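Trainee: I would like to learn how to read pockets, cavities, helices and contacts from a set of coordinates. Could we work through one case together?

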Amino acid sequence: MQNPNNESERDTILNQQPPGQTIRDWDRAHVWHPFTALADWEASEPLVIERGEGCYLIDDRGRRYLDGVSSLWCNVHGHRHPALDEALRRQIDKLAHSTLLGVTHAPAAELAHELVERAPMGLTRVFFSDDGATAVEVALKMTFQYFRQKAKPEPQRTRFLALGGGYHGDTLGDVSVGGVERFHAMFGPLLFPALRAPAPHCYRCPLGLKRPDCALECLGAVERILDEHPGEVAAIVVEPLLQGAAGMIVHPEGYLSGLRALSRRHGALLIADEVAVGFGRTGTLFACAREDVTPDFLCLAKGITGGYLPLAATMTTEEVYSAFYGRAADGKTFYHGHTYGGNPLGAAVALANLRVFDEERTLESLQPKICRLTARLRDFTALRHVGDVRQLGLIAGVELVADRESKTPFAWSEQVGAKVCARARHEGLLIRPLGDVLVIMPPLAIRLEQLDEMLDVMIRCVRSVTEGADE
Ligand SMILES: *Cc1c(COP(=O)(O)O)cnc(C)c1O
């Protein structure tokens with residue numbers, strides 16, 4: 001195809017795509033959708049997203065939808081943000097891709113520098129990959145190799161301690177430390193065995209306790225496991241402050257710093273998976289900062305490019321880096337890499353993403369939105385089938401239950417969460433549930449009135465699905 005050099009020629013070429021029905025037919029015939037029940041998908045009318053604009057997605061029939069889950073927890077400053085678009089255009093005029101194996105490029109070096117400037121103190125080394133799953137996989141493998149190569153090797157430290165309900169991505173290492181039964185049970189025979197502590201889930205406390213009267217006994221459970229396996233645990237793996245895929249489970253205050261203290265005391269590393277909570281969603285750029293924690297690994301993806309391109313980073317310390325430091329003949333090399341890791345286009349947009357945080361004072365302007373969300377969430381607690389409402393920053397989960405008193409869930413076969421979301425789509429709001437937990441995770445750029453609109457629609461849809469009350 002020739003190089004389109006003016007706007008109208010470019011439009012002509014872009015408009016040569018097949019008509020909507022053909023797209024739907026081809027999708028049905030060939031595209032295998034992730035995390036999707038195939039028969040349900042084929043029975044449904046597929047939504048074909050064509051364009052984005054701020055916090056809205058627009059389908060091929062011109063209908064607009066508020067992007068209530070940030071296109072799966074990625075988008076930060078809105079779709080087609082001029083500064084991010086411009087950064088991408090500028091970079092593409094120079095270089096789309098070159099490897100980090102044996103050579104480097106400016107966007108990767110600059111991004112590493114910027115990340116180190118902003119991350120918790122002491123995280124000075126950045127390993128780039130391309131997805132959340134790879135960011136965590138890298139941390140797991142680095143941890144394992146670190147204990148074999150550190151100044152005083154501890155090769156018996158081979159075990160990982162993870163939390164019930166944890167989610168760290170879908171590659172086998174990540175699934176091994178994962179704890180979402182529905183996603184992970186199938187692959188049991190393929191996995192390495194992880195040590196598992198109960199999730200600090202206050203609404204359904206596995207220890208049967210109640211906040212705020214408890215004394216964070218959930219930390220005691222972690223300590224017990226560390227005591228039972230002296231010198232064996234290489235790292236504790238955690239989604240700091242909030243477990244996303246488990247159902248937006250907000251950890252009690254002090255849990256993360258407690259884990260940090262325990263891991264130090266027991267000689268284990270701490271892997272903080274901020275793939276979901278990083279880049280402002282909790283109100284600070286990184287969640288770890290809220291408890292003044294510097295982990296040994298900080299895993300970043302999703303929001304790192306503002307939701308534009310796949311890019312990920314595993315940040316770590318000089319201490320870890322130094323264990324890998326040597327000439328080829330020393331045999332200390334980390335033999336791991338992903339072909340597109342640190343891709344220049346992704347890195348250039350990631351830099352622009354950070355700059356927009358500064359220029360638009362994104363974190364400051366987030367505060368009123370967080371307060372509005374808190375206020376509006378109270379409207380949910382009055383609903384008959386809302387069991388729990390959990391919020392951290394601009395993230396929230398609304399758990400629907402059949403019976404509030406006994407906290408009895410709806411039957412899985414009822415698909416109540418999915419029904420609410422399907423209904424919301426008809427009203428121009430795109431959300432995706434986690435079972436019967438409704439997820440609220442809009443782009444940070446959402447405006448107050450858009451947030452109101454989102455919550456109004458959700459409340460209407462919850463009522464109409466669970467109470468049969470049409471307003
Ligand atoms: C989404 C997610 C991942 C996986 O990221 P991918 O980019 O989908 O591989 C890992 N950890 C957490 C906490 C996540 O939310």
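Predicted model: local features only at pLDDT ≥ 70, side-chain atom pairs only at ≥ 80, totals over all residues.

Trainee: What separates a cavity from a pocket?

Mentor: On a 1 Å grid over the protein atoms alone, a cavity is a set of points where a 1.4 Å probe fits but cannot get out; a pocket is an open set with protein on both sides within 12 Å along at least five of seven lines, and lining residues have an atom within 4 Å of a point. Points are joined across faces, edges and corners, and the volume is the space filled by probe spheres set on them. Here the second largest pocket has a volume of about 900 Å³. Its lining has 30 residues, and Leu100, Val126, Phe127, Tyr321 and Phe334 lie nearest the centre.

Trainee: Which elements each supply at least two residues of that pocket's lining?

Mentor: Helices (H or I, at least four residues) and strands (E, at least two) are DSSP runs, numbered from the N terminus. For the second largest pocket, the elements are helix 6 (106-118), strand 4 (125-129) and strand 12 (312-316). Strand 4 gives the largest share, four residues. For classes, Ala, Val, Leu, Ile, Met, Phe, Trp, Tyr, Cys and Pro count as nonpolar, Asp, Glu, Lys and Arg as charged, and the others, Gly among them, as polar. The lining of this pocket has 15 nonpolar, 13 polar and two charged residues.

Trainee: How many cavities of 30 Å³ or more does a search of the whole structure find?

Mentor: The search finds two. The largest cavity holds about 110 Å³ of space. It is lined by 15 residues, with Cys202, Cys205, Leu209, Cys214 and Cys218 the closest to its centre. That lining divides into 11 nonpolar, one polar and three charged residues. The second largest cavity has a volume of about 30 Å³, and its lining consists of Leu163, Gly166, His168, Val237, Val238, Glu239 and Gln243.

Trainee: Which residues surround the ligand?

Mentor: A residue is near a molecule if one of its heavy atoms lies within 4 Å of it. Around the ligand are Trp73, Asp131, Gly132, Ala133, Tyr167, His168, Gly169, Glu239, Asp273, Val275, Ala276 and Lys302. A backbone N or O atom of Gly132 lies 2.8 Å from a ligand oxygen atom, and a backbone N or O atom of Ala133 lies 2.8 Å from an oxygen atom of the ligand. A polar backbone atom of Tyr167 is 3.5 Å from a nitrogen atom of the ligand.

Notes: Residues numbered from 1 in each chain as written. Heavy atoms only, no water. Polar contact = N/O pair within 3.5 Å; in protein donor to acceptor, adjacent residues only side chain to side chain.
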